[in-house]
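Here is a friendly tour of one protein model, meant to be read with the structure open beside you. Please take a look at it before reading on.

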Amino acid sequence: MCSLISKSHCHLGQLLLPPLRTDNGSARVKMSGRMEVVCQRMLKPRKFMQRRRKLEVFKDAADEADQKNWRRIMTEIDETGSAVSVLSSEKVKNQTVPKDLIVGTLIRFKQLKKWNLVVEILEWLRTQSWWDFGKMDFFMLITAYGKLGDFNGAEKVLGLMNKNGYAPNVVSQTALMEAYGKGGRYKNAEAIFRRMQRWGPEPSAFTYQIILKTFVQGDKFKEAEEVFDNLLNDEKSPLKPDQKMFNMMIYMYKKAGSYEKARKTFALMTERGIEQSTVTYNSLMSFETNYKEISNIYDQMQRADLRPDVVSYALLVNAYGKARREEEALAVFEEMLNAGVRPTRKAYNILLDAFSISGMVEQARTVFKSMRRDRQTVLHLSSSMTQLFLFVKFVSPLNGRFLRGINAECVWISIVTHWNESKRKSFVSGWIELNGYFPDLCSYTTMLSAYVNAPDMEGAEKFFKRLIQDGFEPNVVTYGTLIKGYAKMNDLEMVMKKYEEMLGRGIKANQTILTTIMDAYGKSGDFDSAVHWFKEMESSGIPPDQKAKNVLLSLAKTDEERKEANELVVHFSENNSLPHVNGIVTLDDEEEDNYEYFDTQLTRAYDEHSGDLDTTNFVHLIGIGLEL
């Protein structure tokens, strides 16, 4: 394990106390002062990351046959991507499809949130004479269309319901409202909600959750705040706001940049006796940029006896990484593993970035290797039929022969050795689609950045070749990383070589690359070339941003150069009302952290905690009177 040794300790033999543990099983790490990473067994494998075969118990031989048959059908659907083709062929082969098998399949796809397959199956059942498609089936179908944001499909189902004598109710109206919201038709969604408020059916708590989410997604913050404030009014409100509504409002204030309101809403939950969740605390942590503030919120969450999830840990790791506190970032990641929380690929990439920023190549390589190792530890070739299908599809040199227990590393070596580039790329894309945190292009580019920041451009070039050999296609960020490295070394020849190589691959330069090249020429004393690259931005259809203008101004050394730089900056600015200091245009250089990943994770968390119909109720939705 990686040792975390305080610089205040002079004896390496001194043992550190193990991390404190809370009642919920999560670990607490107390750290004071800066610490030093000593790579011994950093990120060693944990037992929970090893997949074990579960002992299956069947009622009898008939039950075993039914279960295995159902799993075979589910595997075929997963492989073909079509449920109806598999179920139809099953019906032709056996003359019938057991209704309990269809219900079980629908339940499973609903749990997996594969709403496209739910729609496909229900639309097929609607045309089958042997299936009594009833009211509850319509409700599930319109709900699935709502989850997909397919308002055309939802409208069609609502019309069919009216035609069959089923009056609109809160379920169908909420589903149609959600479909409009997810489809970007926010005004239509709001119109349905207002109509429900005035003439019914009375909106449910789930309806309010959906409309708040819709308003937030559509940046209609004022409307969301109005709805929420009405719910807080005990005299007028038809129901009290619940935890999910409070979480959504905190997320909204974060999105709107109203941090103070987010904190007040958080405090209001306690006042009203609303239980706070991990999602609540993650929302607060996501808009903080100072690692101390994020750490304080994290400690608050643990004091509330809430178990941090992978997003909680990733937020804290990200904060420490951005603050160049790599040791604390690693300690938190190790804490996550000790707590039994499975890291995502993005969590690994965040830790990788923490070491990459400081050019800590060895530590970054350890993280990178851990991503490959842990993926191989969790998944063997025989661990699922889906992976077996993928390998059979691509691994022709092995003739499709697979033995239980073969490690993925063995096959990977064969692939890299014997396959051509095109075949490797096809395999890699399929593998990544199926597996969680096998290194992706972002991982490779971040590892490349570690070599660049070391600086070790020879190592960077070798790793760049490995990236291509492993089946990845470098993108503009990958080339930008290499160009940045050569620019730091004032190697203009290699800067231009990589630039031309990038264009040769059909990759267009972005703002960052053009600014880097401009800066490199300017720092080498060639102001005229720097001006040329500044103008090249406009020629490439990329208006110079704030940072590019700042860089050009900083490169101007003589009065004549400053005059030319000022004229160019004013010319390319959207307006001429720029601040001047001593006759020189100045612009604030603001760099904001990118929290798109955390926004996505928080939104997903809200989806998972939303008031969907549970599995028990869902059984009754499919075929009324059906006895399983």
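The crossing of H1 and H3 is right-handed. Contributing to this contact are Asn69, Trp70, Ile73, Met74 and Ile77 from H1, together with Leu101, Gly104, Thr105, Arg108 and Phe109 from H3. By type, the residues where H1 meets H3 are six nonpolar, three polar and one charged. Please keep in mind throughout that this is a predicted model.

Two packed helices are described by the angle between their axes and the distance between the axes. Here the axes of H1 (residues 61-80) and H3 (residues 99-111) come within 11 Å and cross at roughly 50°. That angle falls between the cut-offs of 35 degrees for roughly parallel and 65 degrees for roughly perpendicular, so H1 and H3 are oblique to each other.

## Backbone features in the loops

Most residues other than glycine have a negative phi, and most peptide bonds are trans.

Let's begin with the peptide bonds. Gly200 and Pro201 are joined by a cis peptide bond, with omega about -5°. Pro201 sits in the loop that runs between helix H8 (186-199) and helix H9 (205-217). Another cis bond leads from Ala454 to Pro455, where omega is near -10°. Pro455 belongs to the loop between helix H22 (441-453) and helix H23 (457-469).

Now for phi. Lys113 is not a glycine, yet its phi is positive, at about 60°. You will find Lys113 in the loop between H3 and helix H4 (115-126). With a relative accessibility of 37%, Lys113 counts as partly exposed. Asp219, also a residue other than glycine, has a positive phi near 60°. Its place is the loop between H9 and helix H10 (221-232), and at 47% relative accessibility Asp219 counts as partly exposed.

## Aromatic rings

How many aromatic pairs does the count come to? The count is 19. One of these pairs is formed by Phe151 and Tyr180, whose rings are stacked, 5.5 Å centre to centre with 20° between the planes. This pair links distant parts of the chain, since Phe151 is in helix H6 (residues 151-163) and Tyr180 is in helix H7 (residues 170-182), 29 residues apart.

Elsewhere, one aromatic cluster is made up of Phe368, Tyr444, Tyr451, Phe463 and Phe472.

## A buried leucine

To finish, turn to Leu552, which lies in helix H28 (residues 546-555). Leu552 has a relative accessible area of 0%, so it is buried.

Which residues does Leu552 touch, not counting those up to four places away in sequence? They are Met518, Phe527, Val531, Phe534, Ala565, Leu568 and Val569.

Conventions: Residues are numbered from 1 along each chain as its sequence is written. This is a predicted model: local features need pLDDT of at least 70, side-chain atom pairs count only at pLDDT 80 or more; totals for chains, interfaces and linings use all residues. Side-chain values use heavy atoms; hydrogens and water are left out. Helices (H or I, at least four residues) and strands (E, at least two) are DSSP runs, numbered from the N terminus. Buried means under 20% relative accessible area, exposed over 50%, partly exposed in between (1.4 Å probe, protein chains only). Contact means heavy atoms within 4.5 Å. Axes are lines fitted to C-alpha atoms, for helices over the stretch in contact, and angles run from 0 to 180 degrees between N-to-C directions. Angles under 35 degrees count as roughly parallel, over 145 as roughly antiparallel, 65 to 115 as roughly perpendicular and the rest as oblique. A crossing is left-handed if the near helix is turned anticlockwise from the far one by less than a right angle, and right-handed if clockwise. Ala, Val, Leu, Ile, Met, Phe, Trp, Tyr, Cys and Pro count as nonpolar, Asp, Glu, Lys and Arg as charged, and the others, Gly among them, as polar. Rings of Phe, Tyr and Trp (its six-membered ring) pair if their centres lie within 6.5 Å; planes under 30 degrees apart count as stacked, over 60 as edge-to-face and the rest as tilted.
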